[in-house]
Structure formats: structure tokens, C-alpha cells
Amino acid sequence: VSPAVTCDDVLPLLPELAEGGLRTAGPIEAHLESCASCSAELGRYRAVLQELGALSQVVVEPSAQFLAGLLAQMPEARRRAFLYRMAADERVQHAALSLGGAIVGATAIGLLWWRVTRRSLLTGGVAVQEAGDSA
Amino acid sequence: MVSPELLAACRQGDPDAFEEVVRRTYRHVYTQALRLVGDRHEAEDVTQDVYLRVFRGLSGFRGESQFETWLYRIVANAAINQLKRRGRFGQLMAEPEPDRGGTGVGAGNFDLPSGEILDEQAADRDALTAALESLPFSLRSVVILKDVYGLSCQEIGEELGTTEGAVKVRLHRARRRLKDLLFDSEG
């Protein structure tokens, strides 16, 4: 066992060492090569990590009807995703803003035109009535 | 799981391709969600949410990372959001993390095997699953996302709203706890 490095120095490093494999040289590696206890502990960590990695391919089956329900909602999911993408598209946003501005402008012009027309109709009506009275 | 050709068809709006992606991945998505939220019904809700996000984001997925890694991250985000919506996330993250560093007994109510089972390659996934379930969420989430699904510590930190350093500390504790649970239960 290397006198420079003790088990107490090495043990806290094992969870990380187990992930990356051993480096080629160094006092930690020298200790691990000569210390059966630390080497075995490293093997245990590696076994845990190996089993954890294998878990990604182990699946839990959802309920029997789940897939059918999931697929049934796909058209709605696609529709909502389409609307979301549309709403996020800058060109669509600009077009919507332009269209909105055009609608507001047209409404304002229409209102002005309606008020002017109404006023002239009222004024014309009064003039006709006054002309009738004087006659 | 999913080929680039299938993804390209999805991006072009092919509904059959979307369905095929769902068929090929839903078990994995559901399982990851279940491992994180710990409840079957909530895992189903998360899975539905995941596919909505996948369809939204697929056009932006350029394949710099593997599709599966991208998908795993979406599941993590959706699961954490689900926990937040239920008001459970803060509570779960605040669970005490006593770093006993010794015997695995007492972390849960599981009958764990003793001895060098993993050394003998007699992989007992039930024991590992039980050991994982016995971890507090703050440790379990990190070790599942890193060691099972391969997300980076930085990505996990972003999902959990914490720093990369805090993730590494939790990962260290989680691995040590799992090793103790699986190998030192006689201790």
C-alpha cells in the first residue's frame, strides 16, 4: 500500500472514480492497485453504476388502455402543437399584428364615416323641416 | 429507439410518423416519469404532457444530441413541473438527506438482499429499484437522471433549479447510499 495515500483519502473519491474509470497513473491509482479493500469497494460502485445504466432499458408497463388513450389524444396534441408553433412564428406574429392594425383602422374609419353620415342626415332633416315650416 | 428518418417524417407533419414515435417511446417515457414522480396516474399525466412538448419542440430539434437524450430531458422537466403543480416539489427537495455512510438498513421498508450480490453478477433489479425508491427525492432524482438516463450534472441542475455543484454533491451521496443499501445491509 502506498504510504503517501491512505484508504481514508481514497474512499471519498470512489463514487466519481467508478464513473470515469481509472486514470493511467497517480498516487490514487497506485493505492487502488495495491489495496484490496479499496479496490473491492471501487468494484462495488462500478457494479451499482452498471446496474443503474441497465435500468434505462427496463420498462414498467403502463395500464392496458393507456396507449390507446395516448394515441387518441394525438390529433389534439398535434393541433395544439401546430397552434403553438404558429403563435411562436415571427412571420405569423407580424401578419397578425398587421391584420389587427388593419381591422382597428378600418373600424375607426367606419365609425368616423358613420358619425359624419348620421350628422349630415340629421342636419339635412332639420333643414327640410325648417323649409316646410317657413312655407 | 427512433430513427432520423422517422423524425424527419414527423417534422414534415406525417401523422403516422408521430404515432410511430409514440408507440416506440411511450413505455420508456412512462417509466422514467414513474421513477421520478412515484405515482402511476401522475406518470400517465406526465407522459401525455411530454408528447405535447415533443410535438411542439420537434421542429426545433436539430439532432445535435441524441433524440433519446432530448426526450429524457423533456420527461424530467415535465415530471418536475408536475410535482411543482401538486405543490410537492419544494417539500420533496427539502427532505432531509442524512449522510449516514454506513449501513443501508433503515432507509426504507424494503427487504434488501445481503452480501455481494452484484459482484456475482446476479443482478437483482428489484433490489436496486427498491433501494432507489428508498432514497429521498433530492437524491433519487439526481441519480436517476444522471446514472440511468445520462443527463449531465449541468442539465440536471437546470431542471432542478440548483447548481451543478449541488447536483454533484447529491450524486455522490446517492451513489454511496445505493452502494451501502445493496452491499452493506448486513452491516
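Residues are numbered from 1 along each chain as its sequence is written, and chains are lettered from A in the order in which they are written. In this predicted model, local features need pLDDT of at least 70, side-chain atom pairs count only at pLDDT 80 or more, and totals for chains, interfaces and linings use all residues, while side-chain values use heavy atoms, with hydrogens and water left out.

**The two chains**

Chain A has seven helices and zero strands. Chain B has nine helices and zero strands. Helices here are DSSP runs of H or I with at least four residues, strands are runs of E with at least two, and both are numbered from the N terminus. The table sets out further values for each chain.

| Chain | Residues | Buried | Accessible surface | Carbon and sulfur share of surface |
|---|---|---|---|---|
| Chain A | 135 residues | 23% | about 8,900 Å² | 64% |
| Chain B | 187 residues | 52% | about 8,300 Å² | 44% |

Buried means under 20% relative accessible area, exposed means over 50%, and partly exposed lies in between (1.4 Å probe, protein chains only). Accessible areas come from the Shrake-Rupley method with a 1.4 Å probe, and for residues only the protein chains shown count as cover.

Take the contacts with a separation of 6 or more. In chain A, residues 24 or more positions apart account for 58% of them. In chain B, such residues account for 68%.

**Where the chains meet**

Helix H4 (residues 36-55) of chain A packs on helix H9 (residues 164-183) of chain B. Their angle is about 100 degrees, and their axes are 10 Å apart. That makes H4(A) roughly perpendicular to H9(B). Angles of 65 to 115 degrees count as roughly perpendicular, under 35 as roughly parallel, over 145 as roughly antiparallel, and the rest as oblique. Axes are lines fitted to C-alpha atoms, for helices over the stretch in contact, and angles run from 0 to 180 degrees between N-to-C directions.

Residues of H4(A) in this contact include A:Glu41, A:Arg44, A:Tyr45 and A:Leu52. Among those of H9(B) are B:Arg175, B:Leu178 and B:Phe183. The contact holds eight nonpolar, no polar and five charged residues. Ala, Val, Leu, Ile, Met, Phe, Trp, Tyr, Cys and Pro count as nonpolar, Asp, Glu, Lys and Arg as charged, and the others, Gly among them, as polar.

**The core**

The largest nonpolar core has 83 residues. Such a core is a set of buried Ala, Val, Leu, Ile, Met, Phe, Trp, Tyr and Cys residues joined through side-chain atoms within 4.5 Å. Those with the most contacts inside it include A:Leu52, B:Val22 and B:Val50.

Leaving aside neighbours within four places in sequence, B:Val50 touches B:Val29, B:Leu71, B:Ile74, B:Val75 and B:Ala78. B:Leu71 lies in helix H4 (residues 67-85) of chain B. B:Leu71 counts as buried because its relative accessibility is 2%. B:Leu71 and B:Val54 are 17 residues apart in sequence, with C-alpha atoms 7.5 Å apart.

B:Phe89 is found in helix H5 (residues 89-93) of chain B. At 10% relative accessibility, B:Phe89 counts as buried. Its contacts beyond four places in sequence include B:Ile80, B:Phe137 and B:Leu160.

B:Pro136 sits in the loop between helix H6 (125-134) and helix H7 (137-148) of chain B. B:Pro136 also counts as buried, at 10% relative accessibility.

Methods
Contact means heavy atoms within 4.5 Å.
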